[in-house]
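Here are my notes on this model, point by point. Please read them with the coordinates open.

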Amino acid sequence: MRSRLLRLNGHVLPAKSFAMRKKFFCDEDKGYFVLGQEREGVGPNPMDPSTMVEMLKGNMMNMIPMIVVGGWINWTFSGFLTTRIPFPLTLRFKPMLQRGIELVSLDAAWVSSASWYFLNVFGLRSIYTLVLGEENAADTSKMVEDQMAAGPVGPQQVPKQAFKAEWEALQTCQQKFELNPKKI
């Protein structure tokens, strides 16, 4: 992308600046494209069945303890109120916050134990990151973001071919400075 931008907008750079950038990309010994051709290919295909099985195993390993702990809390503390939210809420929040408690006259700001568990599980992701570090097993959001960023799965692009094509395009690019420094 940077090389393409250099080719398209190189006419606004002085010759020396353009040559330095071109050398960064196309140098025979340590140019970006030369080193890039030596890199490994792209990561594993997320639609590969073996990769999908591994992801399913990882998700199940995270989900089973959550189900066990959630079931235990729901069985042990069923019908208990654990906390009160310090601000007023409308009655539409009652089904979400008072799971397992069927009192019509109860204020919506009270939270049942099962709802408190789910609020903590899904709301403490930043605390997990702070305590356990960036790459922790409790945070599955990064894996989901990586899958979404991958976009639609199609043929895997080989970086070596892309780098070689861009190297050839930049090598053949002729630069002519079009700005007059006296007028600027």
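1. Met-66, Val-69, Gly-70, Ile-73 and Asn-74 in α4 meet Ser-113, Ala-114, Tyr-117 and Val-121 in α6. Contact means heavy atoms within 4.5 Å. Helices (H or I, at least four residues) and strands (E, at least two) are DSSP runs, numbered from the N terminus. By class, the α4 contact with α6 has 6 nonpolar residues, 3 polar and no charged. Ala, Val, Leu, Ile, Met, Phe, Trp, Tyr, Cys and Pro count as nonpolar; Asp, Glu, Lys and Arg count as charged; the others, Gly among them, count as polar.

2. A word on the basis. This is a predicted model, in which local features need pLDDT of at least 70 and side-chain atom pairs count only at pLDDT 80 or more, while totals for chains, interfaces and linings use all residues. Residues are numbered from 1 along each chain as its sequence is written, and side-chain values use heavy atoms, with hydrogens and water left out.

3. Geometry of that contact. The axes of α4 (residues 49-76) and α6 (residues 113-123) come within 8 Å and cross at roughly 150°. That makes α4 roughly antiparallel to α6. Axes are lines fitted to C-alpha atoms, for helices over the stretch in contact, with angles from 0 to 180 degrees between N-to-C directions. Under 35 degrees counts as roughly parallel, over 145 as roughly antiparallel, 65 to 115 as roughly perpendicular and the rest as oblique. The crossing of α4 past α6 is right-handed. A crossing is left-handed if the near helix is turned anticlockwise from the far one by less than a right angle, and right-handed if clockwise.

4. The axes of α1 (residues 2-9) and α2 (residues 15-26) come within 11 Å and cross at roughly 150°. α1 and α2 are therefore roughly antiparallel. Here α1 passes α2 in a left-handed crossing. Arg-2, Ser-3 and Leu-6 in α1 meet Phe-18, Arg-21, Lys-22, Phe-24 and Phe-25 in α2. This contact divides into 4 nonpolar, 1 polar and 3 charged residues.

5. Which residues do ring pairs link into a cluster? Phe-24, Phe-25 and Tyr-32. Rings of Phe, Tyr and Trp (its six-membered ring) pair if their centres lie within 6.5 Å; planes under 30 degrees apart count as stacked, over 60 as edge-to-face and the rest as tilted. The count comes to 3 aromatic pairs. Phe-24 and Phe-25 pair edge-to-face, 5.1 Å centre to centre with 70° between the planes. The centres of Phe-25 and Tyr-32 are 6.2 Å apart with planes at 85°, so this pair is edge-to-face.

6. Phe-25 is buried at 6% relative accessibility. Phe-24 is partly exposed at 40%, and Tyr-32 is partly exposed at 31%. Buried means under 20% relative accessible area, exposed over 50%, partly exposed in between (1.4 Å probe, protein chains only).

7. Check Lys-94, in helix α5 (residues 94-97). Lys-94 is buried, with a relative accessible area of 14%. Not counting residues up to four places away in sequence, Lys-94 touches Leu-103, Val-104, Leu-106 and Ala-108.

8. Helix α7 (residues 125-132) lies largely in the open, because 0 of its 8 residues are buried. Just after α7, Gly-133 takes a positive phi of about 100°.

9. Overall, the chain has 9 helices and 2 strands. Buried residues make up 20% of its 184 residues.
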